[in-house]
Amino acid sequence: MTKKNEIFTKKIYEILNDLISKYKSASDILIIGGDFNARIDRKSNDNEVFMGTCTRNTDRNSDGNYLAILCSNNHIYISNTHFNHREC
């Protein structure tokens, strides 16, 4: 990832984090959709409660790191990792 792209990506995740903080309450259901170009690898430890065990066998990329941090900090679950894929 180029420096310019990383700055842009970091800014997008900061904006998302601010919006989540502003609008999410404990009783709300929050759905975030989009193409984040994030690759989330397999759950590395039991502390990663923001994801399930069904992921594709890919290495986590930098966008995946940003997504993992966003979800972990805001108690958001990556639902696509809950459902069985062919590779899972």
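This is a predicted model: local features need pLDDT of at least 70, side-chain atom pairs count only at pLDDT 80 or more; totals for chains, interfaces and linings use all residues.
**Exercise 1. Find how much space the largest pocket holds, and which residues lie closest to its centre.**

*Solution.* Step one is the volume: the largest pocket has about 600 Å³ of space. Here a pocket is an open set of points on a 1 Å grid over the protein atoms alone, where a 1.4 Å probe fits, with protein on both sides within 12 Å along at least five of seven lines. The volume is the space filled by probe spheres set on the points, which are joined across faces, edges and corners.

Step two is the lining, meaning residues with an atom within 4 Å of a point. There are 27 of them, and Leu-67, Ile-78, Ser-79, Asn-80 and Thr-81 are the closest to the centre.

Step three sorts the lining into 13 nonpolar, 10 polar and four charged residues. Ala, Val, Leu, Ile, Met, Phe, Trp, Tyr, Cys and Pro count as nonpolar, Asp, Glu, Lys and Arg as charged, and the others, Gly among them, as polar.

Residues are numbered from 1 along each chain as its sequence is written, and side-chain values use heavy atoms, leaving out hydrogens and water.

**Exercise 2. Classify the two aromatic pairs of the structure.**

*Solution.* Recall the rule: rings of Phe, Tyr and Trp (its six-membered ring) pair if their centres lie within 6.5 Å, and planes under 30 degrees apart count as stacked, over 60 as edge-to-face and the rest as tilted.

Take Tyr-13 and Phe-36: their ring centres are 6.1 Å apart and the planes stand at 40 degrees, so this pair is tilted. Tyr-13 sits in helix H1 and Phe-36 in the loop between H1 and H2, 23 residues apart; helices are DSSP runs (H or I, at least four residues), numbered from the N terminus.

Next, Tyr-13 and Tyr-66 have centres 5.5 Å apart and planes at 15 degrees, so they are stacked. This pair joins H1 to H2 across 53 residues. Tyr-13, Phe-36 and Tyr-66 form one aromatic cluster.

**Exercise 3. Decide whether Tyr-13 is buried or exposed.**

*Solution.* Buried means under 20% relative accessible area, exposed over 50%, and partly exposed in between (1.4 Å probe, protein chains only). With 7%, Tyr-13 is buried.

Methods: Helices (H or I, at least four residues) and strands (E, at least two) are DSSP runs, numbered from the N terminus.
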